[in-house]
Amino acid sequence: GVAVLLALASVLLDTPMRSDTAVTGEVTLRGHVLPVGGIRDKVLAAHRAGIKHVLLPLANKRNVLEDIPAQALEGIEVHYMKHV
């Protein structure tokens, strides 16, 4: 998915990924980022692990707004992706 794509880009560009970033999502051959399940659990786990940035599919934005408590989002910057 997106994590593998970012890992490959990191190696090819010789630029390390940020260590305080969590990523989820599936990617098509054309670069579209597809939604995934379990967003609530993934964001809560990132919060417990001290992650500061979370990259999520744009189609999962509704899940973040509806399912995740506001206190869990404190200190986390959520970025949404549609294409990579």
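Reply: Contact means heavy atoms within 4.5 Å. Among contacts in this chain between residues at least 6 apart in sequence, 63% join residues at least 24 apart. This is a predicted model, in which local features need pLDDT of at least 70 and side-chain atom pairs count only at pLDDT 80 or more, while totals for chains, interfaces and linings use all residues. Residues are numbered from 1 along each chain as its sequence is written, and side-chain values use heavy atoms, with hydrogens and water left out.

Me: How many helices and strands does the chain have?

Reply: Helices (H or I, at least four residues) and strands (E, at least two) are DSSP runs, numbered from the N terminus. The chain has four helices and five strands, and from the N terminus their order is α-β-β-β-α-β-α-α-β.

Me: Is histidine 53 buried or exposed?

Reply: Buried means under 20% relative accessible area, exposed over 50%, and partly exposed in between (1.4 Å probe, protein chains only). Histidine 53 has a relative accessible area of 14%, so it is buried. Across the chain, buried residues make up 30% of the 84 residues.

Me: Where is histidine 53 found, and which residues is it in contact with, leaving aside neighbours within four places in sequence?

Reply: Histidine 53 belongs to strand 4, which covers residues 53-57. With those neighbours left aside, histidine 53 is in contact with Arg18, Asp20, Thr21, Ala22, Glu77 and His79.
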